[in-house]
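Thanks for coming, everyone. Let me put the structure up, and then we'll walk through it together.

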Amino acid sequence: MTNLTELGVAAIRDGVAKGDFTAREVAEGFNANVAAAQEALNAFIVATPEKALEAADRVDADRAAGKPLGKLAGVPIGMKDLFATKGVQTTAASHILEGFKPEYESTVSQKLWDAGAGMLGKLNLDQFAMGSSNETSYFGNVISPWRRNDGGNAPLAPGGSSGGSSAAVAGRLAPAATGTDTGGSIRQPAAFTGISGIKPTYGRCSRWGIVAFASSLDQAGPMARDVRDCAIMLEAMAGFDPKDSTSLDLPVPAWEAGLSGDLTGKKVGIPREYRMDGMDAEVAKAWDDGIAWLKDAGAEIVDISLPHTKYALPTYYIIAPAEASSNLARYDGVRYGLRELPEGANLQDMYAATRAAGFGDEVKRRILIGTYVLSAGFYDAYYTQAQKLRTLIARDFSEAFEKVDVILAPTTPTASFALGDKLDDPLAMYLNDVFSVPASLAGLPAMSVPSGLNREGLPLGLQVIGKAFDEQGVLNAGLAIEQRAGFAARPERWW
Amino acid sequence: MSVDKATVAKIASLARLKMDDAELERMAPELNKILSFVEQLGEVDTAAVEPMTAVIPNHLRLRDDVVDADPLTGGGKRDAVLANAPAAEHGFFGVPKVIE
């Protein structure tokens, strides 16, 4: 029998439906891979093998009874530990939420269970989704399954903040995982680990039950081994939710059925501002390859300008911390999570002591920045100005989309780096998101697909950005790249 | 604009983050680096630009004015609300004494 953990979402779903193997066999296979990799990769904060088996048994029983099966029947997945899961610890990789067991289930995770998926466990991430290397988790770094080909075995970053998700999918611990993307947290880790991931249009996936970071930017999306698997997952995750006031009241398109790598008649924009001085030569080469592939798929290539691109990152690093400082005010040691109550402390002391003990350095840094830019006297100079820049950045995109159907760019400025390399310089870490942040600020769907390996043997990703609501256009351009890139590389199992 | 240790202490106090001297010393240059990076936005003339309020055009919905319209987010959930509280007492959140 084939090794079931080699299969992706579509193959598992189809095989279970046909009876080639049982959902239980699939869950057992992935449960074993999760357990075997935990010490080396630290991709999960909590493993829930019993949840994966329970869901699988339900699917097998439904199939035996001739009942209709869901879109993800028999597919075990990893759940980023930012989604509230009823009765299962949900931490956002923070100490302040350690031990927190939600009394409710997030909308997105519930939709996945309703579609027949099972939970392998809660995936590690950067604390409160703040980070680009998964080095800010209270529960330790996630180690990328990838290694450089120099034999040095330096532990590499799986990207962040969805670093547990990317490591788990790349290492075959899960056929797919959920991610969330605020400024690139799905796309950047997908690029670093040679997998695919899509952030849909803002509002497609309900934010209800997702631990909030920056509410005007946060979007959930899938991470999987290929474009089709992402389409299947996204169909199950998306949809209107009256419990999220920013949820889009639109039908969920049949993205999988609509997949086509034929781009005849489509126009692909190449934004000149993304070709930055001193750009990594191999990243530039991967971009050129992508342009050639999309041309080969029938698309016309059009040079475009997104003039405010250079302001996207500073805009993001005002807006996201501002929203975070407000969202994270809820962690006060009163209603849930950690409480630090020093001897003789009053209420105010308790708040400050709890938050000091419960938040990591990067989270504190962003709360301080956010508090500062929102404080009286500075609000207009920082926050209002950033919101105006956000208008200009979004306008750049809408003007470009009058001329083109999708935009092609690199996902990240470099391949993965060694853990510790950028830890001392927050700003250098932030620069990782330079290509992913603009689409986030404009609320647009964007995905990363692997394009090839660099000289060090590490994956590079290409990013497709689409019009609002046009996930199909993004997936199709992603598929056209996938079909031509022939990316089959995978990390050799060393763990 | 740059922040000194006293300003960082003030912000930390506003944000209810207890920080000792060493932490304040360490944070001040880190924050200054980030602030000087974001200050480049000041060079853009935005006099005629409206600040963004909603990234994707959407309308805010009103729900029917019915008690417990959504049973999940409606009332009657006291025990669930208190289940994760560090100090729940007599059906309330327990906090240190606030009135002397």
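How many residues does the contact take from chain A and from chain B? It takes 57 residues from chain A and 42 residues from chain B. Contact here means that the C-beta atoms of two residues, placed from the backbone, lie within 7 Å.

Some ground rules. This is a predicted model, where local features need pLDDT of at least 70, side-chain atom pairs count only at pLDDT 80 or more, and totals for chains, interfaces and linings use all residues. Residues are numbered from 1 along each chain as its sequence is written, while chains are lettered from A and ligands numbered from 1 in the order in which they are written.

Back to the chain A side of that contact. The elements giving two or more residues to it are α9, α10 (347–358), α11, α12 (379–400) and α13 (426–430) of chain A. The largest share, 11 residues, comes from α12(A). By type, the side divides into 31 nonpolar, 16 polar and 10 charged residues. Nonpolar covers Ala, Val, Leu, Ile, Met, Phe, Trp, Tyr, Cys and Pro; charged covers Asp, Glu, Lys and Arg; the others, Gly among them, are polar.

Now chain A as a whole. Its secondary structure comes to 15 helices and 11 strands. These are DSSP runs, numbered from the N terminus: H or I of at least four residues for helices, E of at least two for strands. Buried residues make up 62% of the 495 residues. Buried means 20 or more other C-beta atoms within 10 Å of the residue's own; exposed means 12 or fewer; partly exposed is in between; C-beta atoms are placed from the backbone.

Next, two helices of chain A. α9(A), residues 312–327, and α11(A), residues 361–374, pack at an angle of about 100°, with axes 7 Å apart. Axes are lines fitted to C-alpha atoms, for helices over the stretch in contact, and angles run from 0 to 180 degrees between N-to-C directions. The residues of this contact divide into eight nonpolar, three polar and one charged.

Last stop, chain B. After α1(B) comes R16(B), with a positive phi near 55°.
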